[in-house]
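These are my notebook entries on one protein chain.

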Amino acid sequence: MRVLVVGGSGLLGSVAAAALDERHQVIKASRSSKIRVDLAKPESIENLFRDIGVVDAVISCMGSAPFKPLAELTSQDFRAGFEDKVLGQINLVQVGIQYLAEGGSFTLTTGVLAREPILAGAAASLANGALESFVMAAAPELPNGIRINAVSPSVLAEARGYHASFPGFPQIAGSEVGRAYVKSVEGIQTGQVYALG
Ligand SMILES: NC(=O)c1ccc[n+]([C@@H]2O[C@H](COP(=O)([O-])OP(=O)(O)OC[C@H]3O[C@@H](n4cnc5c(N)ncnc54)[C@H](OP(=O)(O)O)[C@@H]3O)[C@@H](O)[C@H]2O)c1
């Protein structure tokens, strides 16, 4: 398969690419990599697909939201997280539909904050929960046998800088998260959220 990994230079993107690149042709893209795309800009996504052509799977491993105590979060903060993580990945799906092979798949990345809170995480929880609901709702409407799932891990063991913010949470090995991307790309399921930890 030809597999596009957006955010392929990041931690989750590297994990996804490493799990797939022995058996598939993996194309990594991001705002600053050699193959460029900015998910905030639909025209940039269109240009990327025009350059690389039809793919069998699209994986998105990007998205951030402001971390602040609830009392300090402004509506602009919530909007920023929603625009970056949620609308960015939805832009990728909406443009990518016409460049996915029949029976192809989208795999989005959310995270444990959709189902468990941490201090200062409300904007990120909002974004993750919104994306997971989008996956549930989009799956039955996608054409041409196209599937969509989300990988929703707890903090990664390799993401040491985040461990103090996730006290007592399971720390998931990158290799385990990689298997969830494989399950989504190579399997038959759709509308699923693969909650890890
Ligand atoms: N790290 C964890 O433990 C963990 C756990 C659960 C969930 N997650 C989620 O997984 C996702 C990725 O996290 P990460 O830790 O892998 O982050 P990361 O290491 O910072 O990587 C983010 C990647 O996304 C790219 N990117 C950012 N904005 C983009 C845009 N607008 N268009 C295209 N590419 C863009 C970045 O490259 P450029 O800067 O070059 O664009 C980079 O390749 C996030 O949604 C995060 O919440 C992470």
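Entry 1, surface. I looked up the accessible surface of the protein chain and found about 9,300 Å², of which 53% belongs to carbon and sulfur atoms. I note that the model is predicted. I then asked what share of the 197 residues is buried. Buried residues account for 50% of them.

Along the principal axes, I found that the C-alpha atoms fill a box of roughly 45 × 35 × 35 Å. I checked the radius of gyration, which is 16 Å; a compact globule with 197 residues would have a value near 16 Å, so the two agree. I also looked at contacts between residues at least 6 apart in sequence, and 67% of these join residues at least 24 apart.

I counted five helices and six strands in the protein chain. Read from the N terminus, the elements run β-α-β-α-β-α-β-α-β-α-β.

Helix 1 covers residues 11–20, and I listed Leu12, Gly13, Val15, Ala16, Ala17 and Leu20 as buried. I asked which elements these buried residues pack against. The partners are strand 1 (2–6), strand 2 (25–29), strand 3 (55–60), strand 4 (100–109), strand 5 (147–153) and helix 5 (174–186). For the spacing of such positions I keep one rule in mind: an α-helix has 3.6 residues a turn, so residues three or four places apart point the same way.

I took the span of helix 3 (residues 75–96), which has 22 residues and reaches 30 Å from its first C-alpha to its last, close to the 32 Å expected. Where does helix 3 bend? I located a bend of about 35 degrees at Leu87. The buried residues of helix 3 include Asp77, Gly81, Lys85 and Val86, and also Gly88, Gln89, Ile90, Asn91, Leu92, Val93, Val95 and Gly96. Among the elements that cover them I noted strand 1, helix 2 (42–52), strand 3, strand 4, helix 4 (122–138) and strand 5.

Notes. Residues numbered from 1 in each chain as written. Predicted model: local features only at pLDDT ≥ 70, side-chain atom pairs only at ≥ 80, totals over all residues. Heavy atoms only, no water. Buried < 20%, exposed > 50% of the residue type's maximum accessible area, 1.4 Å probe, protein only. Helix = DSSP H or I, 4+ residues; strand = E, 2+ residues; numbered from the N terminus. Contact = heavy atoms within 4.5 Å. Expected span 1.5 Å × (residues − 1). Bend = angle between axes of the 7 residues up to and from the residue. Rg over C-alpha atoms; globule rule 2.2 N^0.38 Å. Areas by Shrake-Rupley, 256 points an atom, 1.4 Å probe, with all protein chains shown as cover.
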